[in-house]
Amino acid sequence: MRKSLRVAGLATACTVAGAALYATGVASADQDRPRPTKEPHNIGLLVGEIDAYYGAAKGADGVWKASPDSPYAKDLARIQAKAKKDIEKAAHHGRHGKKKPAIVLDVDDTALLSFDYEKSTNFTYDNDSWDAYVKAAKRPAVFGMPELVRYAKSKGVEVFFLTGLAESQREGAVTNLAKAGYATQLDRTHVFTKDKVNPPAYLGHCATPAAWNCTTVQFKEGTRKHIESTGYDIVGSFGDQTSDLAGGYADKTYKLPNPTYYVG
């Protein structure tokens with residue numbers, strides 16, 4: 001489930017308020033001493049910190065952009081430099097047996113940057129506006145990631161995309177990936193979306209046409225397992241959420257920065 005900054009902040013505030021009420025004895029039968037509480041981080045200040053981290057700037061076209069000189073971009077470059085060394089080592093010195101080395105990338109805020117959506121919606125989430133945004137296929141690439149993909153392919157490493165976007169959003173995602181400079185195969189065997197109507201058999205433990213019960217971790221773990229079953233060794237898995245990476249079936253994981261929303 002995707003939680004926006006505002007929703008997450010309000011949830012935290014409500015939790016703290018409830019704890020304070022309980023602590024004063026209004027909602028408690030016992031007479032324990034008041035329990036200390038801590039005020040959550042101010043949302044207005046937090047947004048300012050996020051803007052500074054991304055180097056936020058609104059262009060003449062009205063689109064919010066991140067700066068290539070921002071702390072965000074520098075953090076990405078550091079992670080990508082490490083990943084390239086690992087990819088080279090895995091490609092040339094790894095123990096893959098008869099399997100071919102591969103990397104797996106999440107799409108939203110791992111391959112394609114959604115910062116303009118977050119800023120334009122004041123860090124809130126709406127299904128309809130998000131669907132329209134994805135299908136418009138205008139997102140820029142996350143800094144450095146197309147280059148990372150090209151580097152991996154130059155070392156003989158296969159590239160897959162694994163996204164929580166719906167199957168109905170596949171065309172928008174694939175079109176956007178191509179426009180953003182991802183020069184790699186983007187067919188159905190290389191781009192995996194969340195198909196709740198006709199889930200694949202390898203997700204049968206948590207999804208059927210009648211009911212989708214896969215968590216993000218189950219969906220991504222199960223899909224990585226499937227990729228490896230087709231003859232690949234996933235030497236690196238990339239995502240901006242911990243739920244993108246949990247569950248195994250990857251030799252190494254790389255968590256990209258994203259302070260704007262949370263997917264559990």
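Modeller: Here are some notes on a sheet, a disulfide and a helix.
Modeller: This is a predicted model, in which local features need pLDDT of at least 70, side-chain atom pairs count only at pLDDT 80 or more, and totals for chains, interfaces and linings use all residues. Residues are numbered from 1 along each chain as its sequence is written, and side-chain values use heavy atoms, with hydrogens and water left out.

Colleague: What is the strand order in the open sheet of five strands?

Modeller: The order is 6-5-4-9-10, with parallel pairing, where strands are DSSP runs (E, at least two residues) numbered from the N terminus and two strands pair if DSSP finds at least two bridges between them. Strand 6 (191-194) and strand 10 (253-255) stand at the edges with a single partner strand each, so one side of each lacks a neighbour in the sheet.

Colleague: And how many bridges join strand 4 to strand 5?

Modeller: Four bridges join strand 4 (residues 100-105) to strand 5 (residues 158-166), and Ala102 stands opposite Glu158 in strand 5.

Colleague: Switching topic, which cysteines form a disulfide?

Modeller: Cys206 and Cys214 do, with their sulfur atoms 1.9 Å apart, the criterion being a pair of cysteine sulfur atoms within 2.5 Å. The torsion about their S-S bond is about 80 degrees, so the disulfide is right-handed.

Colleague: Is Cys206 buried or exposed?

Modeller: Cys206 is buried, with a relative accessible area of 7%, where buried means under 20% relative accessible area, exposed over 50% and partly exposed in between (1.4 Å probe, protein chains only). Cys214 also counts as buried, at 10%.

Colleague: What follows helix 8?

Modeller: Helix 8 (a DSSP run of H or I, at least four residues) is followed by Gly231, whose phi is positive, near 115 degrees.
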